Every structure is written in C-alpha cells, then in structure tokens.
Amino acid sequence: MADVIAEHIVEQAVHWYVRLASGLVTVQERADFDHWRALHPDHAQAWNRLQDMGGRLQDSAARVAPPTTHATLARLALLTKRRRALKQLAWLGAGGTCLFLVQKQVPWRGELLAALADVRTGTGERRSLVLADGTQLRVNTATAVDLRFDAQERRLVLRRGEIMIATAKDAANRPFVVATADGELVPVGTRFTVRRDDDTERPYTQLAVMEGAVDVHPGAGGGPASARIPAGQQVRLTPAGVEQPVPLREESQAWIDGMFVAEGMRLADFLAELSRYRRGHLRCAPEVADLRITGAWPLDGPDATDRILDALPRRLPVDVRRYTRYWVTVAAR
C-alpha cells in the first residue's frame, strides 16, 4: 500500500489540479503552484498521484472522456469537506475504482441543476431583484434559484445557497411556495430567509422569519404542514422532519445589509461561514477552533474577506498563514 498523504495536502493538490487544468491561471498563480509543490516532498507526491489518476481516467477513453476527467476532479475540489472522498483519493490507483467513487460521492444531478438555474450568484457575489409579481428577492453568495411562476402558483426552487424574500400581494391570488430538497415553505404575508446547506454531514434547510409567518411542509414533494413559524423564530428542516424552532439570530441576517456579523461565535464556525464568501480553502487549526469572536465587517469589495482575516490577529492569539491566495490556514500564534 502506498504511503498515506495528509488530507489537507490532498485537498491542496486537487485544488491546483483543477485550477491548472482550467487554462486560466496567471503567471503569479503558476509561480504560487511551483512554490507549493517544492515546499514539501508530500506536496510533490500528492501532485504526482493526482496526475497519475487523471491519466488513468483519460486512458480509459472508451468509458470516460477527458472532459469527464476534468469535471470529476472539479466536483471533488468543490466537495473538499467530504473527507471520505479525499482520503480515498489520496491513494486510489485504478481509473474504474475512481469513477465508481466519484459516481457515489458527487451529486451530479444537483450540481448540473444549480449550474443551469434561472438566478445564480458566484462565490462572494450578492444580488437584488424584483420578480414579476413585485416580490423582492435578495440572493446571497454561491446561490442557485429556479423561478416557476404559472397560472396556478408562484414557486421558487432553491437549489443551494441563501435567499431573502419579501412577498408581494398577487393580483391573481396565487399561492407563493419556496421549495428545497427538504420540503416546501408557504409564507403568510411575510419577509423571511431560506438557506439550503448540503455541504455538511447532515444537509438541511434553514428558515428564519422576520415578518409574518411561514407554514413548513416537510418532505421532498411537500406534504401536510407540520409547523407554522412566526416572526422572530427560525427552524431547521431536514429529511427527517422539522426541528424545534428557536429564537431568530439577528446576526445571521446581516448579509442582507452587506455585513458579516459574529456574536460570540466559535472561530471554526466563523471561518466555515466566511469560506462561503471566498474562493479556495480556508482552514482552522484544531488548537484554535474553540476561540470565540465577536465583531461586524462589511462584505462589499473584492478584498472583503481578506480584510476580515487580517482583523483576526488583532482580536485573537492567532496567525493567518497564506500559502497561496486560495489556501489559507488560521493557526495559533
């Protein structure tokens, strides 16, 4: 059996493979990659194994076309938090085994639907728009939404990400429905946010109600309402059903006003949330994961997340270590 390479090094190698395969790297990025590969023998070893895996896939052209190879690795790069896939990727050899792994680990259909959604935002991008019925829609980072308005209903399908909705009165009196993989949400004259998070061990939909109320219908196809969530409450909806509502966390809604707010938040959770707004990998070292942080920072501007990271050493006993612009670790000072 080949030597096991550390998971975080495999993640870095996957990132670089996908970035270089895109053909869009700058001279500086190429220099960053060369520096990374030379920094440690395990970096070069991980890179060689990844190249070998890609070559094996491409050699199996009768079954796997080269574009599929790139797409496979790209999907793995997007799913670096799914540790099982990366640990196996660290020393996989056969192309057929790799293809089986990818088919099992990567939600191809969901990714494709998100890529083709009617309304999309990239990482760090936010949008505001008014729908045909006058409903106000705000779209947070890395979000995909489909609009399904017809004569019977006004339906939004949230594929991934986070939205804020302020519903308008409809002249045709059509019901308004927000659907996710976990169920359906039917507002009662309201303003609310919905977040669909599937990059976790337990995917969930989170509803937060700021005005009015929202009826929650669990199940992929909708069903009887199992709860009515009033203003000032938030709740998680999972494949298992509706969890117990809790008081609304105001800081979780700060993105609507272009702010990133934390109130006594664990540093690990803080960085996981911040990573939604920046490309690449943002890692928290275990020894500082439980430190607590409070603060508010603007999200606007191309360097917003870097400014937030630069503020951490002034508030906590940590260092921000930038190996490349796409790979950052926050560790103990």
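**Strands and contacts**

Analyst: β10 and β12 pair in the antiparallel sense, over 2 bridges. Please keep in mind that this is a predicted model.

User: Which residue stands opposite Gln234 in β12?

Analyst: Gln234 has Val246 of β12 opposite.

User: And how many bridges join β10 to β11?

Analyst: β10 and β11 are joined by 2 bridges and run antiparallel. Within this pairing, Thr238 has Gly241 of β11 as bridge partner.

User: Over how many bridges do β8 and β10 pair?

Analyst: β8 pairs with β10, residues 233-238, over 5 bridges in the antiparallel sense. Val209 is opposite Gln233 of β10.

User: Which residue lies over the face of Tyr204?

Analyst: That is Arg236, placed at 3.7 Å from the ring centre of Tyr204.

User: While we are on rings, how many aromatic pairs are there in the whole structure?

Analyst: The search of the whole structure gives 7 aromatic pairs. Ring pairs also build a cluster that links Trp16, Phe33, Trp36 and Trp47.

User: Changing topic: how many salt bridges does the structure hold?

Analyst: There are 24 salt bridges in the structure. As background, side chains of opposite charge can pair when their charged atoms come close.

User: Let us take Arg126. Which side chain does the side chain of Arg126 meet in a salt bridge?

Analyst: The side chain of Arg126 meets that of Asp300, with an N to O distance of 2.5 Å. Arg126 belongs to the loop between β1 (119-120) and β2 (127-130), while Asp300 belongs to the loop between β15 (292-298) and α9 (304-315), so this pair ties together parts that are 174 residues apart in sequence.

User: Where do Arg126 and Asp300 fall, buried, partly exposed or exposed?

Analyst: Arg126 is partly exposed, at a relative accessible area of 25%. Asp300 is also partly exposed, and its relative accessible area is 46%.

User: What about Asp146, with which residue does it form a salt bridge?

Analyst: Asp146 forms one with Arg159, and the closest N and O atoms are 3.0 Å apart. This pair links distant parts of the chain, with Asp146 in strand β4 (residues 144-149) and Arg159 in strand β5 (residues 154-166), 13 residues apart.

User: Is Asp146 buried or exposed?

Analyst: Asp146 has a relative accessible area of 3%, and buried means under 20%, so Asp146 counts as buried.

User: Now Arg202. How far apart are the closest N and O atoms in its salt bridge with Glu243?

Analyst: They are 3.8 Å apart. Arg202 sits in the loop between β7 (183-197) and β8 (204-218), and Glu243 in the loop between β11 (241-242) and β12 (246-247), which links distant parts of the chain that are 41 residues apart. Arg202 is exposed, with a relative accessible area of 53%, whereas Glu243 is partly exposed at 32%.

User: Which residues do salt bridges with shared partners join into one network?

Analyst: The network consists of Glu162, Arg195, Asp197, Glu273 and Arg276, joined by salt bridges that share partners.

User: Back to the backbone. What is the phi of Ala142?

Analyst: Ala142 has a positive phi of about 50°, although this residue is not a glycine. Ala142 is placed in the loop between β3 (136-139) and β4. With a relative accessible area of 27%, Ala142 is partly exposed.

User: And what is phi near for Asn173?

Analyst: Phi of Asn173 is near 60°, a positive value in a residue other than glycine. Asn173 lies in the loop between β5 and β6 (176-180). The relative accessible area of Asn173 is 64%, and exposed means over 50%, so Asn173 counts as exposed.

Key:
Residues are numbered from 1 along each chain as its sequence is written. This is a predicted model: local features need pLDDT of at least 70, side-chain atom pairs count only at pLDDT 80 or more; totals for chains, interfaces and linings use all residues. Side-chain values use heavy atoms; hydrogens and water are left out. A salt bridge is a side-chain nitrogen of Lys or Arg within 4 Å of a carboxyl oxygen of Asp or Glu. Helices (H or I, at least four residues) and strands (E, at least two) are DSSP runs, numbered from the N terminus. Buried means under 20% relative accessible area, exposed over 50%, partly exposed in between (1.4 Å probe, protein chains only). Two strands pair if DSSP finds at least two bridges between them. Rings of Phe, Tyr and Trp (its six-membered ring) pair if their centres lie within 6.5 Å; planes under 30 degrees apart count as stacked, over 60 as edge-to-face and the rest as tilted. A charge sits over a ring if NZ of Lys or CZ of Arg is within 6 Å of the ring centre and within 35 degrees of the ring normal.
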